[in-house]
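Hello,

Here is the structure I promised to pass on. Please open it alongside this message.

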Amino acid sequence: MASPKTLPKDAQVMIQILKDMGITEYEPRVINQMLEFTYRYVTTIIEDAKIYATHAKKSNVDADDIRLAIQCRMDQSFTSPPPRDFLLEVARQKNQTPLPLIKPYTGPRLPPDRYCLTAPNYRLKSLQKKTSSSAGRITVPRLSVGAVSSRPSTPTLATPSVQSLTGQRFTVQIPSSQASSTKSATPSTPTVQNVLINPSLIGSKNILITTNMVSQNSTSDSSTLKRKHEEDDDYDAL
Amino acid sequence: MRGNETLLDFRTSKFVLRISRDSYQLLKRHLQERQNNQIWNIIQEHLYIDIFDGMPRSKSQIDSMSGSLAGEAKREANKAKVFYGLLKEPEIEVPLDDEDEEAENEEGKPKKKKPKKDSMGSKSKKQDPNAPQQNRIPLPELKDSDKLDKIMYMKEATKRIRLGPDNLPSICFYTFLNAYQGLTAVDITDDSSLIAGGFADSTVRVWSVTPRKLRAVKSATDLSLIDKESEDVLERIMDEKTASESKILYGHNGPVYGISFSPDRNYLLSCSEDGTVRLWSLQTFTCLVCYKGHNYPVWDVQFSPHGYYFTSGGHDRVARLWATDHYQPLRMFAGHLADITCTRFHPNSNYLATGSADRTVRLWDILNGNCNRIFTGHKGPIHSLAFSPNGKFLASGATDGRVLLWDIGRGLMIEELNGHTDTIYALKFSRDGEILASGSMDNTVRLWDAVKAFDDIETDDFTAATGHVHLSENSLELQLGTYTSKSTPVIHLHFTRRNLLLAAGGCYSPF
């Protein structure tokens, strides 16, 4: 680690802050992470304040603008849990209902299907003629995994997850293969492996993870990230 | 500052102080003599003085009970009756084997040679007055596979080693290599066949501890082709092509902070910083349900010992009770002043213990959501809890390095075990409750004599009445052994059915 004399001034300030807060043991990377967070936070606030100032038709950014920017950003990203009396009231109401009885002999006890992740999240495109499939790509804005499915239900959309501190993240639900209790499922025709990624979602960390899962799940040799207009034979059913 | 919830709690709720009547009179007289109304006003406004009659406490007693963010527990808080007994084991017919011909019996009765259809246990054992009714909370009935599991459990129990101060358990340590401090949660199944790790890169990995590999169930097309009537249908539904030593489960959006296997080894739960709890199937190795309710990081999740129910506790200071087939929680337990870091079910599944960053442990009744016990005494956030197998005692470990033992029935601290120098992340009682093992960040596993700690509390009724704590100064005598690893903090402990101790941790490799 660089000796304190050669560190830049803001790193020294950060070290001092950590010391004042009573934190004595930390890895050297922590200082860099804290500095990055500080920079991003401050620039976000100042940018917001600039927007508010121009909205109020002021030429300079005012202290009021900064205060407003801080407050809005606080309500948006740094939310804190609800207050205690609210929680106690909600809990009191929730705890009044008796515990539901358990039905016997129901197999796997799962919520109703619309709350589970067991449905397919793709829709089979009808097979085009082999000759002319030059129509442009149809980008379906969801990640599809070819799987044997007996349910032609509407696909579940990728749902955005709840707010997190560092911007939007999209949770893309990967369907499981049918749960083990589907012995009665009628095998459908061998499906086409359609895997499409909405280009605007690329770059989010989760998509990378899920594509890994896709490539793991698929046992076919062909790359799963094929574009739609390529020939649709030679896809192996999973 | 205005919006900070902890501050608001501090300003609105009163700090509880327990003081004897004589001391209180002295204090009052002293302040009135001095005409010092300021202090008196502060006391009136912000302190709740819980007066008890009797001897004032010594400094060590006061020190041991203090530490919580809201003062100590009021006496009324710990007065409710708690059913800490265990539920009766159900009658199971054991098929006659060549080797052992035991029929399932309630505890203590002589074994009969042939299994009998009618329950001989109904007359034999009176209802334990401290045990809850069988139907106090609805519990799932046993399926055939569960009954087979129970028979296996009984068989293993007969081969169990009895532990004691002169017969310490062997410890088998599972070190997670190449985790780069990313290992955040570990769980082992009850029969010690699977181990799962939750990581900071939001994955959950499951390994098989036994030589038997992990297999996924076949796809639906193949399942329709197999012969359903064959003897080994449970083997045939498995797909041999997917056999592997470990499986990786993707789905979470943030580090996975808690995992829990279901008792029937079909499901795995994981909770993470993204505020969700996910249920994974261990037959298809995919995610089945995502329970959304906490909007803040969830720090701990645990299945109930009977399956079907599970709890989660997180940053929003509320613990929730869920059932696997309801997408919303069934109960919410609010009352803590800071995050809930640890949640544990009682062996009879009727009560839930939560440890929190406000340094208290609370015992909640699942039936009506009431808080039956508040235990104060730790000087730091609590990170681990363990119920003794007989259901009477609770052990808790915190960042201050102390393990505290509590008597649930009376609501008192029994013992304070000093020895660790860093946060205790793992606590486990041995299968018969004779030894308590604790694992901590200081890379050690320590074994404590639980029998000795618990056997001298039956005598003192006087202490129970006043709520005083008589701590014996012999925590060193209770320590049976200290075992250090080179640089691996211990984050999980598990006693196998035969009382072998398994420990797990991630190898610490600074670079």
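Below is what I found, topic by topic.

**Confidence**

This is a predicted model. The predictor gives the complex an ipTM of 0.75 and a pTM of 0.73. Chain B has a mean pLDDT of 82. In that chain, 87% of the residues reach 70 or more. Watch residues 96-125 of chain B, where pLDDT stays under 50. The model has 40 contacts beyond four places in sequence for that stretch. Where pLDDT is low, the predicted coordinates should not be read in detail.

**Domains**

Chain B is divided into two domains. Domain 1 covers 5-56. Domain 2 is made of 75-85, 164-219 and 241-507. Taken over C-alpha atoms, the centres of domain 1 and domain 2 of chain B are 36 Å apart.

**Strands**

An open sheet in chain B has three strands, in the order E3-E31-E30. Its pairing is mixed. E3 and E30 of chain B are the edge strands, and each pairs on one side only. From one strand to the next, the twist averages 20 degrees. E30(B) and E31(B) run antiparallel and are joined by four bridges. Across that pair, Leu493(B) stands opposite Ala503(B) in E31(B).

Next, look at strand E16 of chain B, residues 318-323. E16(B) pairs with E17(B) in the antiparallel sense, again over four bridges. Leu321(B) stands opposite Arg331(B) in E17(B).

Which residues of strand E17 of chain B are buried on one side, and which on the other? Arg331(B) and Phe333(B) are buried on one side. Met332(B) and Ala334(B) are buried on the other. Both faces of E17(B), residues 331-334, are therefore covered, since buried means under 20% relative accessible area.

**Salt bridges**

Over all chains, the structure holds 22 salt bridges. Here are three of them, from chain B.

Arg498(B) forms a salt bridge with Glu156(B). Their closest N and O atoms are 2.9 Å apart. The pair links distant parts of the chain, 342 residues apart. Arg498(B) is in the loop between strands E30 and E31 of chain B, and Glu156(B) is in helix H6 of chain B, residues 144-158. Arg498(B) counts as partly exposed because its relative accessibility is 34%.

Arg162(B) and Asp432(B) also meet through their side chains in a salt bridge, at 3.9 Å from N to O. Why does this pair tie together parts that are 270 residues apart in sequence? Arg162(B) lies in the loop between H6 and strand E3 of chain B, whereas Asp432(B) lies in the loop between strands E26 and E27 of chain B. Arg162(B) counts as exposed, at 55% relative accessibility. Asp432(B) is partly exposed, with a relative accessible area of 34%. Both residues belong to a network of salt bridges that links Arg160(B), Arg162(B), Asp432(B) and Glu434(B).

Arg215(B) forms a salt bridge with Glu240(B), and the closest N and O atoms are 2.9 Å apart. Arg215(B) lies in strand E7 of chain B and Glu240(B) in strand E8 of chain B, so the pair ties together parts that are 25 residues apart in sequence. Glu240(B) counts as partly exposed, at 49% relative accessibility.

Best wishes

Notes. Residues are numbered from 1 along each chain as its sequence is written. Chains are lettered from A and ligands numbered from 1 in the order in which they are written. This is a predicted model: local features need pLDDT of at least 70, side-chain atom pairs count only at pLDDT 80 or more; totals for chains, interfaces and linings use all residues. Side-chain values use heavy atoms; hydrogens and water are left out. Buried means under 20% relative accessible area, exposed over 50%, partly exposed in between (1.4 Å probe, protein chains only). Helices (H or I, at least four residues) and strands (E, at least two) are DSSP runs, numbered from the N terminus. Two strands pair if DSSP finds at least two bridges between them. Domain bounds come from an automatic or database domain assignment. A salt bridge is a side-chain nitrogen of Lys or Arg within 4 Å of a carboxyl oxygen of Asp or Glu. Axes are lines fitted to C-alpha atoms, for helices over the stretch in contact, and angles run from 0 to 180 degrees between N-to-C directions. pLDDT is the predictor's confidence in each residue, from 0 to 100. Contact means heavy atoms within 4.5 Å.
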